[in-house]
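The sequence and structure come first.

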Amino acid sequence: MKFETVSVIGLGYIGLPTAAVLASRGVRVLGVDVNKRVVDALNKGEVTIVEPDLDMVVQAAVLTGKLSASTVPQPADAFLIAVPTPFKDDHVPDLSYIEAVSKAIAPVLKRGDLVVLESTSPVGATEQMAEWMAATRPDLTFSHQTGNDADIHVAHCPERVLPGHVMRELVENDRVIGGLSPKATEMAAQLYRTFVTGECLQTDARTAELCKLTENSFRDVNIAFANELSLVAERFGIDVWELISLANRHPRVNILQPGPGVGGHCIAVDPWFIVHSAPDRARLIRTAREVNDYKPHYVIEKIVEAAKGIAQPRIACLGLAFKADIDDLRESPSLDIVKHLAKMKLGELLVVEPYIEALPRSLEGFDHLRLVGVEEAIRSADIVVVLVNHKPFLSIDRALLTGRHVIDTRGAWR
Ligand code: SAJ
């Protein structure tokens, strides 16, 4: 089967790079997004997110006519769905974006098409997506109904790229591909082989779903271990970064790094999908989430403690992004900490975030809070808090820190 036209639904952090890479391999790609601003930008060859090298690839693909965008789905040989899967209150997975897309693409499906869900999803979501499409198109059969003989082949292939390294990882990482039928798996593998140099590992949809959740839970549990160690080490006046680097010299120990909490739209979210579906069994995974979610509160307590006794303290908060050297503020513990401090009116807040030009809306309207450069912030501050280890922070002149109370949540200056 040859995929001449592929439609990528959802032009965000995963969909847009995937669309661009596919188009750069000569496939005709139609990107679809409900956000007209994103669609208009893409049609002009512009990108709406910061990701190294993405702009070049997008621009070239749009210029050659291989990549274009629309707000309305159109017929294609394959559909890759990369929409958000957040959770609702009580950590219940929210599949409403997948449901909306299923209903939106169903009318343009034709016999022989492939539909691949890339969004990180709870176990069973791919089958649920197929059911939504089938309900809209009773004239077609789908993989979950008639297996290899289906008209529409449905598979899951979770994205696994690391923000900041997306363009390389999209091509080089192995992919886990699980269809609702062996034929769907094989077809999806064939599609991914057009741009993936890593291996395309074949399984079933449910295993692929749990595999992605497992990867991110593994990381969350390991970061929780590091965060817990940071609390324990502090109790004894021990430098946790030295402790970890020494322990990591053991040939079979590899501890991750503590920080102000775990952010992003993946690691802080996906483990809950496991906990929600198997609450009585996923005890360690739940506890890890709780340990990591507690860390921002702990950082706030430390700042409040440091501010005691200083009249009108000036607090420099370095970094808002959820991790180093990206502009992504989604689910960022650093942003949460700054928001909390702003509401507490603890003192003047000098916020530094080199990767954004204006404060996010959630920090607007506080008259005791300003976005400033790193040197200005440190020079004016009584308390300096490192929330993100962005490269521009690592090289600052340490003499600037003399006489200031430093709370380095990332071990950036040790
Ligand atoms: N963090 C620490 N200590 C560490 C590593 C990370 O505190 O040692 C924090 C970061 O500061 C950040 C959060 O964890 O707040 C998550 O960052 P990350 O770099 O671990 O992961 P993400 O969310 O950028 O990307 C993850 C990746 N998953 C794994 O590494 C298993 C990526 O491969 C996935 O594609 C992505 O989630 C996703 O989209 O699911």
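A polar contact is a pair of N or O atoms within 3.5 Å; within protein, one must be able to donate a hydrogen and the other to accept it, and residues adjacent in sequence count only if both atoms are side-chain atoms.

## Basis

The model is predicted: local features need pLDDT of at least 70, side-chain atom pairs count only at pLDDT 80 or more, and totals for chains, interfaces and linings use all residues. Residues are numbered from 1 along each chain as its sequence is written, and side-chain values use heavy atoms, with hydrogens and water left out.

## Domains

The protein chain splits into domain 1 (5-198) and domain 2 (215-408), with bounds from an automatic or database domain assignment. In their contact (heavy atoms within 4.5 Å), domain 1 supplies 15 residues and domain 2 supplies 13 residues. The C-alpha centres of the two domains are 33 Å apart.

Between domain 1 and domain 2, one residue pair is in polar contact, both at pLDDT 80 or more. There is also one salt bridge between these domains, a term for a side-chain nitrogen of Lys or Arg within 4 Å of a carboxyl oxygen of Asp or Glu. Arg 160 and Glu 215 form a salt bridge through their side chains, at 2.5 Å from N to O.

## Ligand

Around the ligand are 20 residues, the closest being Glu 159, Lys 212, Arg 219, Gln 257 and Phe 322; the cut-off is a heavy atom within 4 Å.

Ligand oxygen atoms lie 2.4 Å from a side-chain N or O atom of Arg 219, 2.7 Å from a polar side-chain atom of Asn 216 and 2.9 Å from a polar backbone atom of Gly 263.
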